[in-house]
Amino acid sequence: MVNEKKKAEASLKSLHRIFTVPEAPHSTLGTIEQAISQNLNRFLQDHIIATDYSLTEIEKDFSDANVPEQPSFVSDHTEFLLEKLVAQSVHTSSPRFIGHMTSALPYFLMPLSKIMIALNQNTVKIETSKAFTPLERQVLGMLHNLIYQRDKPFYDNWMHSAEHSLGAFCSGGTIANITALWVARNEALKANADFKGVAEEGLFRAIKHYGYDDLAIIVSERGHYSLKKSADVLGIGRESLIAVPTDEHNRIRIDKLEETVETLKAKNIKPFALVGVAGTTETGNIDPLNAMADIAEREGMHFHVDAAWGGASLLSNNQRPKLNGIERADSVTIDAHKQMYVPMGAGMVIFKDPSLVSAIEHHADYILRKGSKDLGSHTLEGSRGGMAMLLFASLNIIGRQGYELLIDQSVEKANYFANLIAEQPDFELISEPELCLLTYRYVPEDVRRAFAIATPDQKDAIHKQLNDLTVFIQKRQREAGQNFVSRTTLTPNYLDRRSTHVFRVVLANPLTTKAILQDVLDEQRDIAKQSTLAYPELMAMTRRILG
């Protein structure tokens, strides 16, 4: 007799079980839990396959739009997730995954995450979060202290004040930047005389009341794309985000910033916010924050620093001087899910003046009552989980000294890689690391010599082939699944501002070794010669120029 496979059934008894009884230790899910607890990195290595399946192929496994009528057993569905989801995920914690701002996570965050999920707190309101509210306020206070370094009485007075907030915990840097610029806009167009303020009367009436022809936000051309989203959401339009040229080190040019301010003023356009970047996404460079703060103070602009990437460097006394001037910012964005090594979904905006958040304060009788200490009254997002718990744990378990070691080693590793690239006759460093991020490209030695003596038209042709070759190498290396670097486009001054495709590397993962970095270059060199178009054409062009 053939035994039919037992089917899961929908019953109150089975539903009650999945809410109360964990899977057996030897079940699929139980085995996974044990494996993750014993060696997370090994589990990921064993279950994420290196082969890069096409997105079209993966989509076939997620193409049914019907909600399943019948339930599935936990173990059966877990097997599906292992095979179809986990296996085709990105191994972001791999020491060879050095292309983006993600890293390996400390092991202790896994069991703590289970506690956080089990508690399922909603930090919008004390009634649904209790102790998570003062914990989150303390975390915001710790970051405020890291940036502004005020004395103990300041934090005793403001950290747990119901009418104030030192910042807001967000899902990421985008929401943090939007929140900061939302505050800046509402402050610039606040209630005045018989005008109730932009929050009540809207942008059209606000601009009319204040007599401006338009509003603007100023940032360098290396500003993050989230700032365009901010301009869009705030109703001033993406064209009102004014990009200022950068110098050869990808930092905003102060002379061009001054010109931009004067041009806007001559057009009766109010630049209500100036954004400095502390760790650009593409190159990791830091704007001259002190000089920008001087201009912001003089012109009455809200000075916001987007330090989503570089802000964690304040934890290192050795790197902190690179961010001089950040303490003069009215607001600062920091992402903890970058160099603070916590999972995705942990951004923050910190305000120098705790009363600034009153510009966006909102209440609802059924949930956010005036005078309460509810975090939701000063945040863009409503319902939120308790991610601050994981950052709080990391700050305590790793400590400032531990973070200093992590951050310093990442910068040292980036400097090592930059020197390694500079030593190679067939690689070219494009941007030197200021923190732990750098860019470079593959350029054979003969090509470099040919480019130096080529005519302008020949230089354009060589440049195009080098761009095509960079794209080919990066794609083929990603598909091979052994190493991964990302790709971006810059306009270096020494290349006459030509649009240049480059490899982008982020060396925050403490598990990345020098041997891996050498492997990355060796593999790229080998891949370059596999190109059947860009490489042969590039070398043929080079031979013609060199004679």
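Analyst: Here is a walk through a helix pair and the loops linked to it.

This is a predicted model, where local features need pLDDT of at least 70, side-chain atom pairs count only at pLDDT 80 or more, and totals for chains, interfaces and linings use all residues. Residues are numbered from 1 along each chain as its sequence is written, and side-chain values use heavy atoms, with hydrogens and water left out.

Start with the helices. H13 covers residues 254–266 and H14 covers residues 289–299. Helices (H or I, at least four residues) and strands (E, at least two) are DSSP runs, numbered from the N terminus. The two helices pack at an angle of about 15 degrees, with their axes 11 Å apart. Axes are lines fitted to C-alpha atoms, for helices over the stretch in contact, and angles run from 0 to 180 degrees between N-to-C directions. H13 and H14 are therefore roughly parallel, a term for angles under 35 degrees.

Which residues meet? H13 brings Ile 254, Leu 257, Glu 258, Val 261, Glu 262 and Lys 265. H14 answers with Ala 291, Met 292, Ile 295, Arg 298 and Glu 299. Contact means heavy atoms within 4.5 Å. Six of these contact residues are nonpolar, none polar and five charged. Ala, Val, Leu, Ile, Met, Phe, Trp, Tyr, Cys and Pro count as nonpolar, Asp, Glu, Lys and Arg as charged, and the others, Gly among them, as polar.

Now the loops. Thr 283 sits in the loop between strand S4 (269–277) and H14. Thr 283 is buried, at a relative accessible area of 0%. Buried means under 20% relative accessible area (1.4 Å probe, protein chains only). The Thr 283 side chain makes polar contacts with the side chains of Thr 280 at 2.7 Å and Asn 285 at 2.8 Å. A polar contact is a pair of N or O atoms within 3.5 Å; within protein, one must be able to donate a hydrogen and the other to accept it, and residues adjacent in sequence count only if both atoms are side-chain atoms.

Leaving out residues up to four places away in sequence, Thr 283 touches Asn 250, Ser 431, Leu 437 and Leu 490. Asn 250 lies in the loop between strand S3 (241–244) and H13. Asn 250 is buried too, at 9% relative accessibility. Its phi is positive, about 65 degrees, although Asn 250 is not a glycine. Most residues other than glycine have a negative phi.

How values were computed:
Angles under 35 degrees count as roughly parallel, over 145 as roughly antiparallel, 65 to 115 as roughly perpendicular and the rest as oblique. Buried means under 20% relative accessible area, exposed over 50%, partly exposed in between (1.4 Å probe, protein chains only).
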